[in-house]
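Here is a friendly walk through a protein model, written for someone who would like to see how its parts hold together. Please keep the viewer open as you read.

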Amino acid sequence: SSCDWSSDVCSSDLISEKYNGFFVDQHVQGGREDGSSWANAYRRIEQALDKARAGDCVWVARGVYTPPTGKSYEMKYDSVEVYGGFGAWESYLHERVFASNQTIVRRSDNGSSVIVIEGSKGMRWDGFTIEQGQATQGGGILNKNGQVTIANCIIRNNRADQGGGIYNGNGGDAVIFNTEISGNTAKVRRSEERRVGKECRS
């Protein structure tokens, strides 16, 4: 599934852009900061995630983003898709060049995963570098009984007791493709290999 906001089309369904998708650009100047367009983008990812509901998409422009102190980026609703790698001008998903518009999400403090998915289904993170998380489980991504797709990402330099890069617990399921997982450290390495390695797809 994917979101193209030309002609207000997302996943082949006619939608209202205002209510079914949000833009994030930390470099935006002026605007209403309501997430309705690149010119009016939110400046922080959590603003969009707080507003997103099932079926919504979030487009994030290049930059380095950090969750609020002591918190993670949390996915609260089913079928929310978050895409990075934009230059803050695109109208179509296929116009983004994520290799040239690096979009990094990282921890600025210790003790939390960068991304937490708890029970949500049909989630997607696509086009991000996820780094510098430090947690008991899943330094980069902690997936607790959720279903998530990770695509076109780099998960690197995260630390945890279990699953340095990503940890799927309580029946969590992750489909991973075209993604580099490197430089992560865990005290229990087999956990990450068992829960993630068999699900990696390229």
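## Salt bridges and their surroundings

Arginine 106 has a relative accessibility of 24%, so it counts as partly exposed; that label covers the range between buried (under 20% relative accessible area) and exposed (over 50%), with a 1.4 Å probe and protein chains only. Before going further, a word on the source: this is a predicted model, in which local features need pLDDT of at least 70 and side-chain atom pairs count only at pLDDT 80 or more, while totals for chains, interfaces and linings use all residues. Residues are numbered from 1 along each chain as its sequence is written, and side-chain values use heavy atoms, with hydrogens and water left out.

What does the side chain of arginine 106 meet in a salt bridge? The partner is glutamate 131, at 2.4 Å from N to O. A salt bridge here is a side-chain nitrogen of Lys or Arg within 4 Å of a carboxyl oxygen of Asp or Glu. This pair links distant parts of the chain, with arginine 106 in strand β9 (residues 103-106) and glutamate 131 in strand β12 (residues 129-131), 25 residues apart. Strands are DSSP runs of E with at least two residues, helices are runs of H or I with at least four, and both are numbered from the N terminus.

Glutamate 131 is buried, with a relative accessible area of 3%. Its side chain also meets that of arginine 156 in a salt bridge, at 2.8 Å from N to O. Arginine 156 lies in strand β16 (residues 154-156) and glutamate 131 in strand β12, so this pair ties together parts that are 25 residues apart in sequence. At 24% relative accessibility, arginine 156 counts as partly exposed.

Another salt bridge joins glutamate 46 and arginine 44, at 2.3 Å from N to O. Glutamate 46 is buried, with a relative accessible area of 14%, whereas arginine 44 is partly exposed at 35%.

| Arg | Glu | N to O distance |
|---|---|---|
| arginine 44 | glutamate 46 | 2.3 Å |
| arginine 106 | glutamate 131 | 2.4 Å |
| arginine 156 | glutamate 131 | 2.8 Å |

The structure holds eleven salt bridges. A network of salt bridges links Arg96, Arg124 and Asp126.

## The sheets

The strands that carry glutamate 131 and its partners belong to an open sheet of five strands, in the order β6-β9-β12-β16-β20 and with parallel pairing. Two strands pair if DSSP finds at least two bridges between them. At the edges stand β6 (63-65) and β20 (180-182), each with a single partner strand, so one side of each is left without a neighbour in the sheet. From one strand to the next, the twist averages 15°; axes are lines fitted to C-alpha atoms, for helices over the stretch in contact, and angles run from 0 to 180 degrees between N-to-C directions. Within this sheet, β9 and β12 pair in the parallel sense over three bridges, and the bridge partner of isoleucine 104 in β12 is threonine 129.

An open sheet of three strands runs in the order β13-β17-β21, again with parallel pairing. Its edges are β13 (134-137) and β21 (185-188), each with a single partner strand, so one side of each has no neighbour in the sheet. The twist averages 15° from one strand to the next. Three bridges join β17 (residues 159-162) to β21, where glutamine 162 has valine 188 as its bridge partner.

Strand β10 (residues 115-118) is joined to strand β7 (residues 73-75) by three bridges, and the two run parallel. Tyrosine 73 has isoleucine 115 in β10 as its bridge partner. β10 also pairs in the parallel sense with strand β14 (residues 141-144), over four bridges. There, glutamate 118 stands opposite lysine 144 in β14.

## Aromatic rings

Rings of Phe, Tyr and Trp (its six-membered ring) pair if their centres lie within 6.5 Å; planes under 30 degrees apart count as stacked, over 60 as edge-to-face and the rest as tilted. By this rule the count comes to eight aromatic pairs. Tryptophan 38 and phenylalanine 86 form a tilted one, 5.6 Å centre to centre with 50° between the planes. Tryptophan 38 lies in the loop between β4 (21-24) and α2 (45-51) and phenylalanine 86 in strand β8 (residues 81-86), so the pair ties together parts 48 residues apart in sequence.
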